[in-house]
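Me: I am new to this structure. Please walk me through it in short steps.
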Amino acid sequence: MSADQTGPSGQDRSAGPATQTSPDNSDNQRSFWSQWPILLGLTLTWGALWEDFSPGVLLAGVLFSTLILWFYRLPRVNFADRFNPWHALVFAVRFLWHVVTASISVAWDAITKGPRIVNSVVAVPLRSHDDLIVTLTGHALALVPGSLVIDVDRPSSTLFLHCLNVENAEAVEYFRQQALRTEAAIIRAIGSRADLELVRRDVAVPDPEGSERA
């Protein structure tokens, strides 16, 4: 056959099993220690539960967190090898701002419109196919009053959100662009370099207010 036998990594798939690399102990160890953000989060949670962040308590938290991650072998979360503190701060400020403004907007709509509010289900195809980015984007959107994630199509990385006060196609597109901006903010903070490149290359699409996506 004349079909190309090279896979995404450029390796020859026709070479058979002898050319494929099987995971060894070093790969398993590297996979375990790549979960350090979860280890850190569990350790801080341990300190918060004890209401004590002294070195001894935190050391005990590290030990117990390591045991939990070691014995409860959940699927590994793939963390990108990059973290941008500035963009993380930008995302946090942006998120808090949206929570406050959306809370005011939802309260006002409930008073002035009540049951006459028009709701819609909006599909948002994300750029990233990384499980962590998709999950964080979904949570960030769901925590903002006025929207709720009701389904996720994993193969296409599409979020389906129930949105309040979305009455027409322009409002649907505006909300979709806002959701993509949230994804872009998360990618800039902790996303992989490949996802960051997708954001940078994404074609700017003007929204109803004249701002640009991402």
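What follows is a set of questions and answers on a predicted model.

Me: At roughly what angle do the axes of helix α4 and helix α6 cross?
Reply: Helix α4 covers residues 85-112, and helix α6 covers residues 169-190. Their axes come within 8 Å. They cross at roughly 150°.

Me: Are α4 and α6 roughly parallel or roughly antiparallel to each other?
Reply: Their axes cross at roughly 150°. Angles over 145 degrees count as roughly antiparallel. The two helices α4 and α6 are therefore roughly antiparallel.

Me: Is the crossing of α4 and α6 left-handed or right-handed, and which residues of α4 make the contact?
Reply: α4 passes α6 in a left-handed crossing. On the α6 side, the contact is made by Q178, R181, T182, A185, I186, R188 and A189. On the α4 side, it is made by H87, A88, F91, R94 and H98.

Me: How many residues make up the largest nonpolar core?
Reply: Its members include V122, L141, L161 and F175. The elements that give two or more residues to this core are β1 (120-125), α5 (131-142), β3 (158-163) and α6. Apart from it lies another core, of 10 residues, among them A102, A140, I187 and V199. The largest nonpolar core has 12 residues in all.

Me: Leaving aside neighbours within four places in sequence, which residues is L161 in contact with?
Reply: L161 is a member of the largest nonpolar core. Its close neighbours in sequence, within four places, are left aside here. The contacts are then S120, V121, V122, V124, L141, S147, L148, V149 and F175.

Me: Is A184 buried or exposed?
Reply: The place of A184 is in helix α6. Its relative accessible area is 0%. Buried means under 20%, so A184 is buried.

Me: What distance separates the C-alpha atoms of A184 and L198?
Reply: Along the chain, A184 and L198 are 14 residues apart. Their C-alpha atoms are separated by 9.3 Å.

Me: S157 is not a glycine; what is its phi?
Reply: S157 lies in the loop between β2 (147-153) and β3. S157 is buried, with a relative accessible area of 0%. Its phi is positive, at about 50°.

Me: Is N165 buried or partly exposed?
Reply: N165 sits in the loop between β3 and α6. Its phi is also positive, near 55°. Its relative accessible area is 25%, so N165 is partly exposed.

Technical notes: Residues are numbered from 1 along each chain as its sequence is written. This is a predicted model: local features need pLDDT of at least 70, side-chain atom pairs count only at pLDDT 80 or more; totals for chains, interfaces and linings use all residues. Side-chain values use heavy atoms; hydrogens and water are left out. Axes are lines fitted to C-alpha atoms, for helices over the stretch in contact, and angles run from 0 to 180 degrees between N-to-C directions. Helices (H or I, at least four residues) and strands (E, at least two) are DSSP runs, numbered from the N terminus. Angles under 35 degrees count as roughly parallel, over 145 as roughly antiparallel, 65 to 115 as roughly perpendicular and the rest as oblique. A crossing is left-handed if the near helix is turned anticlockwise from the far one by less than a right angle, and right-handed if clockwise. Contact means heavy atoms within 4.5 Å. A nonpolar core is a set of buried Ala, Val, Leu, Ile, Met, Phe, Trp, Tyr and Cys residues joined through side-chain atoms within 4.5 Å. Buried means under 20% relative accessible area, exposed over 50%, partly exposed in between (1.4 Å probe, protein chains only).
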